[in-house]
Amino acid sequence: MDILSGGRMRRSKRMRCPDGRRMEVWNWEEEEEKRSVEAHKRSKRDSCSSERDRRPRRYHHYRTYERCNKSTRGLEDAEQRAPEPGLKACGHEKKANVRGVPENQKEQDKDRHRHWHHYSESLARYSNRDRQRSKYHNSRSHSKSHRRKRSRSFEDDEEGHLIYHNGQVLRARYEILSTLGEGAFGKVVECIDHTKDGIRVALKIIKNQERYREAALIEVDVLKQMNILDAQNRFACVRMLDWFDHYGHVCIVFELLGLSTYDFLKENDYMPFTVDEIRYMADQIFRAVHFLHQNKLTHTDLKPENILFVNSDCDVEYNAKLKRDERTLKNLGVKVVDFGNATYDHEHHTSVVSTRHYRAPEVVLELGWNQACDVWSLGCILIEYYLGLTLFQTHDSKEHLAMMERVLGPIPAHMLQQTKKQHYLHHGKLDWDESSSSGRYVRKHCKPLKQYMSSKSLEHEQLFDLLQKMMEYDVSKRITLEEAIKHPFFTSLRNKSEK
């Protein structure tokens, strides 16, 4: 759901840091792999990890629709050879200049821009990356569009973006305040909805190009269905408020949310969440994704960037011992966003889904996937909340599998026998040289799951028991979300609610 973030979003440049806290590598394989969609399959947004580096980040979960234009060849090669630019947010450094806005409102705007709501962060993060990626693919799909004359309205620029200005009103309703970010799909702007008592919303403006229009309309259909299925807004899924066509541009209106859970971690210097905070957030997230599963939908792209705080306002206190500020959220309410890759059970399932670091083993091995791949992704997310860093920080499929074995033990023989990726194997086992540089890296930065526990208390034991069940290799043995919600880890939360 693109409304929440502004530039996301997750195409990441994860580079290995000497201290091992947050390592980032060029994350191109997953981008290419996920774009390997057959002609009859509906177009979907890219699913890549967001840029996790030292640059100020902007994020937008409306990631998009480039996926439908990419070929399926050379995915792993592309990931390793293609540099990934950072995403630059538009308008992040400047306060919106809106005529008629009271001075105190301007101060609120300033504060909002300082904290960056989810939309601006995710979208901005991806925009530069998307532009760079378009250069990389210039000889492919984009070269054709440059050769042929495109039909566009007088309001479009040469790239198909809508030309607009701050203060402009669309549909006599949405007054544009500022640009939150942009991506290959289009731009996201913050608006005032003058028909709803001046509330602020995020408006995603899709390029006036057929491939992006088609993908956007598919996403709109999914969002409409979700609104119908959850008419009472009981589940923590982001909501589409409106959509319309403006001179060939599909425009989707979303509620504004706060920072993504990843961006909050980053702003808080990757300080882990407490077990109580993880429990409270996980309960909301599990119920939201279980709601999708009950309605025959698999999200397929769950990750910290796609989980947003409803309000990321926080208290800041200086920790003299650690010599740094510590942020404590005032409200732990979250919402799941970015349903552009959600897939119904009856629909065609592409061979590769999910962002690399949260990708289930059955997907890496191309054994086919179902809703259980969401459960694996959520397990990776929870351990990241617990540690403050990504568990499987890699860009290579075989190295990813080696990390899994280091953390979770050997991959079952029957899975290795069935995989199409036989070049990963030698004599029925993963072909992995522990004495190589990659082998040493995996051994240094990964360890058995239980060794990550920072305490032997009951609640920590319960959390890691849940994680072990969620990160079970065998899909038939992996815990379902219906079962996970009833796990003893959540007992204390249920007891509080009953009181």
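Is Ala172 buried or exposed, and at what relative accessibility?

Reply: Ala172 counts as exposed, at 71% relative accessibility. The classes are buried for under 20% relative accessible area, exposed for over 50%, and partly exposed in between, with a 1.4 Å probe and protein chains only. This is a predicted model, in which local features need pLDDT of at least 70 and side-chain atom pairs count only at pLDDT 80 or more, while totals for chains, interfaces and linings use all residues. Residues are numbered from 1 along each chain as its sequence is written, and side-chain values use heavy atoms, with hydrogens and water left out.

Ala172 sits in the loop between strand 2 (169-170) and strand 3 (174-183). Helices (H or I, at least four residues) and strands (E, at least two) are DSSP runs numbered from the N terminus. The backbone of Ala172 has a phi near 55°, a positive value in a residue other than glycine. Asn233 is another non-glycine residue with a positive phi, about 55°. Asn233 is in the loop between helix 6 (210-229) and strand 6 (240-246), and at a relative accessible area of 35% Asn233 is partly exposed. A positive phi, near 65°, also belongs to Lys296, which follows helix 8.

Helix 8 itself covers residues 275-294 and has 20 residues. Its span from first C-alpha to last is 27 Å, close to the 28 Å expected at 1.5 Å a residue; the expected span is 1.5 Å times one less than the number of residues.

Charged side chains come next. Arg171, Arg173, Asp193 and Asp242 are linked in a network of salt bridges, a salt bridge being a side-chain nitrogen of Lys or Arg within 4 Å of a carboxyl oxygen of Asp or Glu. The structure holds 18 salt bridges. One of them joins Lys335 to Glu255, with the closest N and O atoms 3.1 Å apart. Lys335 lies in strand 12 (residues 334-336) and Glu255 in strand 7 (residues 249-255), so this pair ties together parts 80 residues apart in sequence. Both ends are covered: Lys335 is buried at a relative accessible area of 10%, and Glu255 is buried at 17%.

Other salt bridges have partly exposed ends. Arg443 and Glu434 meet at 2.9 Å, N to O; Arg443 is partly exposed at 42% relative accessibility, and Glu434 is partly exposed at 47%. Lys469 pairs with Asp465, the closest N and O atoms being 2.9 Å apart. Those two residues are four apart in helix 14 (residues 458-470), which means that about one helical turn separates Lys469 from Asp465. An α-helix has 3.6 residues a turn, so residues three or four places apart point the same way. Lys469 is partly exposed at 35% and Asp465 is partly exposed at 31%.

UniProt lists Lys204 for "binding site" in an unreviewed entry; UniProt positions are given in the numbering used here, feature names are shortened, and annotations may be inferred rather than shown by experiment. Lys204 is in strand 5 (residues 199-206) and is buried, with a relative accessible area of 0%. The side chain of Lys204 makes a polar contact with the side chain of Glu219 at 3.4 Å. A polar contact is a pair of N or O atoms within 3.5 Å; within protein, one must be able to donate a hydrogen and the other to accept it, and residues adjacent in sequence count only if both atoms are side-chain atoms.
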